[in-house]
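Please consult the sequence and structure shown here while reading.

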Amino acid sequence: MMKVWQVVIVGCHPTSMLGTKLILEEGGELKVLGMYSTWNEGASIVREKNPELVLADYHMPEGNIESVLLNMKKSSPNSHFVVMTDEDGRDLLQPLIELGASGIFSKGASPHQLLQLILGLRVGFLSMPLEWIEKGSWPISTSKGLDDVLQLTQTEMFIMERIVQGITYDKIALEIAVSRRSIDNYLRKIYVKLDVSTRAQAIEKFALFSRQNRQIYA
């Protein structure tokens with residue numbers, strides 16, 4: 001059974017936030033800690049509670065999320081930030097990811113699409129609408145930090161590929177003929193090279209790098 005994720009919602013429309021809360025909590029795998037109508041309130045609770053997920057409006061009365069996202073991410077580095085917007089996400093995705101976002105969600109999309117995006121984050125994948133690719137728009141070019149992946153050795157690359165595929169550490173150890181403890185040592189080196197502190201962050205960065213390269217060489 002998946003861990004229940006704690007969620008914080010930051011938005012300027014109370015009715016919309018309440019509707020989102022009901023959608024998220026219906027399945028029992030997400031628990032909304034609170035709904036906040038200013039950046040200051042949202043930033044304070046994120047810093048205090050370190051929720052797994054933050055859903056935030058792009059536009060707020062105090063300004064757009066670019067003005068606060070980087071500091072919020074620094075205060076809660078393990079949180080996933082998903083930005084909700086009426087704007088064209090293709091233009092916003094790369095700049096927001098570089099500030100610490102994990103995805104963008106169109107307010108015109110369905111509740112099922114929102115839940116699918118969150119499900120992807122829970123297993124370490126970034127989701128985006130197929131429409132962007134069908135229109136020939138691949139919004140992510142060389143994002144900050146992705147070059148860190150290139151520092152990995154061939155063995156470290158293999159380990160990350162298998163982890164992204166959901167293979168257990170014990171099985172990976174057998175595949176490369178090393179001890180289970182050696183896998184832990186490899187992971188410590190990988191985290192340093194990727195500039196991350198958790199398995200989920202490593203998976204997210206490596207998966208994003210792999211997806212970008214597949215698109216480039218397709």
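The text below describes the chain as a whole and then selected salt bridges.

The model is a predicted one. The protein chain contains 10 helices and 7 strands. Of its 218 residues, 44% count as buried. Contacts between residues at least 6 apart in sequence join residues at least 24 apart in 67% of cases. The chain exposes about 11600 Å², of which carbon and sulfur atoms supply 53%.

The count of salt bridges comes to 8. Three of them are listed here.

| Salt bridge | N to O distance |
|---|---|
| Lys193 and Glu156 | 2.8 Å |
| Asp170 and Arg180 | 3.3 Å |
| Arg180 and Asp184 | 2.6 Å |

Lys193 and Glu156 form a salt bridge through their side chains. Lys193 belongs to helix α9 (residues 180-194) and Glu156 to helix α7 (residues 154-164), so the pair ties together parts that lie 37 residues apart in sequence. Lys193 is partly exposed, at 23% relative accessible area, whereas Glu156, at 3%, counts as buried because the cut-off for burial is under 20%.

Asp170, Arg180 and Asp184 are linked in a network of salt bridges. Relative accessibility is 47% for Asp170, 32% for Arg180 and 28% for Asp184, and each counts as partly exposed.

Definitions and conventions. Residues numbered from 1 in each chain as written. Predicted model: local features only at pLDDT ≥ 70, side-chain atom pairs only at ≥ 80, totals over all residues. Heavy atoms only, no water. Helix = DSSP H or I, 4+ residues; strand = E, 2+ residues; numbered from the N terminus. Buried < 20%, exposed > 50% of the residue type's maximum accessible area, 1.4 Å probe, protein only. Contact = heavy atoms within 4.5 Å. Areas by Shrake-Rupley, 256 points an atom, 1.4 Å probe, with all protein chains shown as cover. Salt bridge = Lys/Arg side-chain N within 4 Å of Asp/Glu carboxyl O.
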